[in-house]
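Reader: I am new to this structure. Please take one part of it, the open sheet, and go through it closely.

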Amino acid sequence: MLPQDTKLILWTGTRQSGKTTAVSRLIDCAIAGGFNVAGLLSLAQYNDGTLVGFDVQDISTRKHTPLARRGPQTPHHTSAFTFIKRGLELGHLTLNSPDTHSAQLIIIDEFGPLEIENHGWRKSVDTLLASAEGLSFGWGWLTWICLVPWAIAVVGAKSGRRGAIISYAAGFGYFLGNLYWLVWVTVPGWIALCFYLSFYFVLCGFLLRRIYLRRRWPFTLVLPIIWVGQEYLRSIVMTGFPWFFLGHSQHANLRTIQICDLFGVYGVTFLMAMINGLICDILLRPLRQSESQQRKAMLSAGPLFLLTVCCVLGTLFYGQRCLEQGRNSIGQGPSVTVIQEVIPQFVKQAGESNEEIFSRHLALSEMAKKTLPGPDLIVWPETMVPGPLNQEFLSLEPEGLTEEGRKYLKESLSYDKRLQDLTTKKVALLVGAPSLTANEQDRLSRFNSAFLYLPEGRRYAKRYDKMHLVPFGEVVPFKRSWPWLYNLLNSLTPYDYEYSLDAGTEPTVFEFKDSFGKINRFSVAICYEDVMPAVIRRLAGLEEGKKRIDFLLNISNDGWFVRGGRGEEPVKSSSEQMQHLVICKFRAVENRIGIARAVNTGISAFIKPDGSVQKDALINGFPQGDHEREAVAGYLTDKIYIDTRISLYSRIGDTFAIACTVLMGLLFLLSLRRKKRLAKKSDSMG
């Protein structure tokens, strides 16, 4: 996995344009500046002024070797070169070397048809590009100042309309770039979601501009309130989309994110927006004031600076204290294996590979059982069992079903039998599968469910039905309330059938005994439920002041957001996989629970209650780096960690974020009230 500050440069250009000279100077300057530079440099070879070929040079070692040569009979004005095997091999070795993957600056000179069209090192370059895709969460340091240019531009705009345009453009560009992986699911949905989310930038810009022009309250306090307020609104409006929060960028800074067990991820966002606001105060407050007022404003920045420093130091002190406490409060729980396959969504939807999908997961599970020490629990990703497993469906009489229904029932009974056979006296199994039931009106209800098979082979008495459904992905709204609108919206979807699921109504606490006879309790978050703070708090909630569960499982199918996989084409991941993992880390800290993730196409992982990803799993050939586990089949086995601490967030939930949202509403009303006063004053003067 590339470090967070990696820059990947693909250098190209026309012949004799000076690009090699320019890139050589760039390399020299970067090395002189202390940067770790790696990659490839293409060196043109001339004979009597005629281009005869290229050599390839490893920038780290300065080793070079012939890459391509033009034959003696080849016209000099063509690009017909013969590629040399040892040059291609040097390129692959360089791009896949540890030095390159750990470099701060990676340069690939002459990245064009010459090297990559059927001859060169495209796969190696694709690996680097895939590793660099997580920039939305990678440049964590930049987010401490990222709001400043936007805020200054908005409040300094010549009119409110221009300020709104600036805000909307900033928001639309931000979401459009970071949500690019939705293109592979729905282009109209991608555009529509970005169109909607951008209005939150407009709302924030409107408030900041009004407050700056009419109230002059310090942005050190105003900006964090507004930004936390809009993030909370984004997490609840239209069922919520809590993605790309400011605080998410700090997932690797463990000391900083420990305050999540007090205020949730919103606490980290508040602190970061506070620093952005302080910089805005220093830059903006003196602009439209007299010289005496400027001195007064700079003096007033002193207390704001001290307040901000105290908040930062307090956060770091609290974080360090929590990490030290964790050494005593966090202990090992049962051994868990998470299974990860690479099944693109179009393969699942076709329905022609159901048996193959099931068998591949079964084979990985059998391999995991033979690993020593063996697991106490094996976990499959979401919906990787293609047929319903609920008892109501399995108990149906075949005589009362259609031929297609009898076939579906037979397949599900076969799945159920083989899953029971997989479990032994020592191993339990958690799988994701659909459920089909008939309600009181004899209408069919479909659920996205999780089932537990106990070590003795029988199914656990209860199942968990997913409570938070993804709008238009899993459910079309208004199915019960406004059927006519539901039918209209359903007709606009790409499906020619009714695909909406029904939502579960309550959490389920599963229990099983590990190999030591200890009873372990856990809940399951399905798919994107792990990005919803309120849902995870409900799943991991308290009961009579005590923790209801010991740990949490997240099973998900992220096969929607990969590309490729048709024919011999390899499956390629997107930044969605890393973004999903990053957000899940905050749920672990907020509720002080260990989380094991089993995710189709990745990234499966174990997360400790302090938000760190465990690195000491039994790999068995499965890549250990988080990025390297994207779109790779295998399994991870490790102990899941249990924390005895009960967090304040588990008790009060999103109270802090709600308070900020209420204050944001008051700021909105006060900004309007100020405008009315000015209007009345103008009328009296007239």
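**The open sheet**

Author: Helix α18 (residues 403-422) lies across β9 (428-438) and β10, and runs at about 155° to β9. Helices (H or I, at least four residues) and strands (E, at least two) are DSSP runs numbered from the N terminus. Angles, from 0 to 180 degrees, are taken between N-to-C directions, with axes as lines fitted to C-alpha atoms, for helices over the stretch in contact; contact means heavy atoms within 4.5 Å.

This is a predicted model, in which local features need pLDDT of at least 70 and side-chain atom pairs count only at pLDDT 80 or more, while totals for chains, interfaces and linings use all residues. Residues are numbered from 1 along each chain as its sequence is written, and side-chain values use heavy atoms, without hydrogens and water.

The sheet has six strands in the order β11-β10-β9-β8-β7-β19, with mixed pairing. Its edge strands, β11 (464-465) and β19 (634-643), each pair on one side only; two strands pair if DSSP finds at least two bridges between them. Helix α16 (residues 354-369) packs on this sheet, touching β7 (330-340), β8 (377-379) and β19, and its direction makes about 140° with that of β7.

Within the sheet, β9 pairs with β8 in the parallel sense over three bridges, and A428 in β9 is the bridge partner of L377. With β10, β9 runs antiparallel, joined by ten bridges; P434 has N448 in β10 as its bridge partner.
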